[in-house]
Structure formats: structure tokens, C-alpha cells
Amino acid sequence: MPIIVELGYDPVWFGILFAVSMQVSYISPPFGPAAFYLKSVAPTDITLTDIFRSMVPFIVIQIAVLGLLLYFPAILTWLL
């Protein structure tokens, strides 16, 4: 955090950006541990490919949110 503060960024803004980007990495291929958790409880006729394909809209939404938060930081810090 000292580096973030020294560079002039808001630590709350950076922390939320970091959390959202980690959320994207949690469901996106090639690793996406959430997909493997879903595969373990899904019926046998649902493949891992089906699960990854079904996650694409959520990945796109999260990346769009990340872009909004990057370009409009006031969204995050309007209460501060």
C-alpha cells in the first residue's frame, strides 16, 4: 500500500479494482477454480467446456465493470 499511496492513487479505489480483477480471474479460463467446483456438483452430462462457455457473459460483465471503475473512479469513492 505505501507504493500505491506514494504514486498518488486512492487505496480504496485500488483495493476494489484488485478485488474485482481477482473475481474475474476466479472464473476465467484456463484455471478458473470456480468452474471445477461447479463441475464436481454438476450432472455428468454437463462438460467442463459447457461450464466455461456459460461463464463468458459473467466474465464480460465483470470486465465491463472493471473498465467503468478504471475510467470513472468517482463511482467507488463518492461516499468518501
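When I speak of the angle between two helices, I mean the angle between their N-to-C directions, running from 0 to 180 degrees, with each axis being a line fitted to the C-alpha atoms over the stretch in contact. Please keep in mind throughout that this is a predicted model.

With that in place, let me turn to helix H3, residues 33-41, and its partner H4, which pack at an angle of about 130 degrees, with their axes 10 Å apart. Angles under 35, over 145, or from 65 to 115 degrees have their own classes and the rest count as oblique, and H3 and H4 are therefore oblique to each other. H3 passes H4 in a right-handed crossing, and the contact is made on the H3 side by Ala34, Ala35, Phe36, Leu38 and Lys39, and on the H4 side by Leu48, Ile51, Phe52 and Met55. Sorted by class, the contact of H3 with H4 has eight nonpolar residues, one charged residue and no polar ones.

Let me now follow one of those residues, isoleucine 51, which is found in helix H4, residues 48-71. Is isoleucine 51 buried or exposed? Since buried means under 20% relative accessible area, and the value for isoleucine 51 is 6%, this residue is buried. Leaving aside residues up to four places away in sequence, isoleucine 51 touches Ala35, Leu38, Lys39 and Ile46. For alanine 35, the separation from isoleucine 51 is 16 residues in sequence and 6.3 Å in space, C-alpha to C-alpha.

Finally, a word on the loop between helix H2, 11-27, and H3, where proline 30 lies. Most peptide bonds are trans, but the bond joining proline 29 and proline 30 is cis, with omega about 10 degrees.

Terms used:
Residues numbered from 1 in each chain as written. Predicted model: local features only at pLDDT ≥ 70, side-chain atom pairs only at ≥ 80, totals over all residues. Heavy atoms only, no water. Helix = DSSP H or I, 4+ residues; strand = E, 2+ residues; numbered from the N terminus. Buried < 20%, exposed > 50% of the residue type's maximum accessible area, 1.4 Å probe, protein only. Contact = heavy atoms within 4.5 Å. Left-handed = near helix turned anticlockwise from the far one by under 90°. Nonpolar A, V, L, I, M, F, W, Y, C, P; charged D, E, K, R; others polar.
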